[in-house]
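Thank you all for coming.

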Amino acid sequence: AGILVWCIGHSSLDGAAWMPVFPDDGIADSGHEVYSVDFGSLAPGEHTISLRTFDSSGNIGTLSVTVRR
């Protein structure tokens, strides 16, 4: 079995348009990468953060979490 390298991801806050997310070191070149997302100051209340990522085979992974501030 090979190692899947996640090439690129996207983030969305409260259903807004997807925004690209890149590895912190600027290049997806290993099986383990760190990605950081900064949504700035969130208004008080409930927010949904959604993430999706793709691999080189076209597989898509998604995750959504709801947070309260």
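Let me begin with contact, by which I mean heavy atoms within 4.5 Å. What you see is a predicted model, in which local features need pLDDT of at least 70 and side-chain atom pairs count only at pLDDT 80 or more, whereas totals for chains, interfaces and linings use all residues. Residues are numbered from 1 along each chain as its sequence is written, and side-chain values use heavy atoms, with hydrogens and water left out.

With that criterion in hand, take Met-19, which touches Gly-9, His-10 and Ser-11 once residues up to four places away in sequence are not counted. Met-19 is found in strand β2, and here strands (E, at least two residues) and helices (H or I, at least four) are DSSP runs, numbered from the N terminus. Its relative accessible area is 49%, so Met-19 is partly exposed; on this scale buried means under 20% relative accessible area, exposed means over 50%, and partly exposed lies in between, with a 1.4 Å probe and protein chains only. Met-19 and Leu-51 are 32 residues apart in sequence, and their C-alpha atoms are 9.5 Å apart in space.

Now the chain as a whole. The protein chain has four strands and zero helices, and from the N terminus on its elements run β-β-β-β. Buried residues make up 17% of the 69 residues. If we take the contacts between residues at least 6 apart in sequence, 46% of them join residues at least 24 apart. The chain exposes about 4900 Å², of which carbon and sulfur atoms supply 56%, the areas coming from the Shrake-Rupley method with a 1.4 Å probe, where for residues only the protein chains shown count as cover.

Let me turn to strand β1, residues 6–13. Is Ser-11 in this strand buried or exposed? At 5% relative accessibility, Ser-11 counts as buried, and, leaving aside its neighbours within four places in sequence, Ser-11 is in contact with Ala-17, Trp-18, Met-19, Val-21, Val-37, Phe-39, Ser-50 and Leu-51. Leu-13 and Ser-64 are 51 residues apart in sequence, yet 9.6 Å apart in space, C-alpha to C-alpha. In the loop between β1 and β2 (19–21) we find Asp-14, which has a positive phi of about 55° although it is not a glycine; at 43% relative accessibility, Asp-14 counts as partly exposed.

Next, the salt bridge, for which I require a side-chain nitrogen of Lys or Arg within 4 Å of a carboxyl oxygen of Asp or Glu. How many salt bridges does the structure hold? It holds one, formed by Arg-68 with Glu-46, the closest N and O atoms being 3.0 Å apart. Arg-68 lies in strand β4 and Glu-46 in strand β3, so the pair ties together parts that are 22 residues apart in sequence. Arg-68 is exposed, with a relative accessible area of 70%, whereas Glu-46, at 48%, counts as partly exposed. Beyond its neighbours within four places in sequence, Arg-68 is in contact with Gly-45 and Glu-46, and Arg-68 and Pro-44, 24 residues apart in sequence, are 7.3 Å apart in space, C-alpha to C-alpha.

Finally, a word on the surface. Val-37, Leu-51, Leu-63, Val-65 and Val-67 form a nonpolar patch, with about 340 Å² of accessible area together. Patches are made of residues with over 30% relative accessible area and no salt bridge, where nonpolar side chains (Val, Leu, Ile, Met, Phe, Trp, Tyr) are joined within 5 Å and like charges within 9 Å. Which strand gives the most to the nonpolar patch? Strand β4 (residues 60–68) does, with three residues. Leu-63 is found in strand β4, and at 48% relative accessibility Leu-63 counts as partly exposed.
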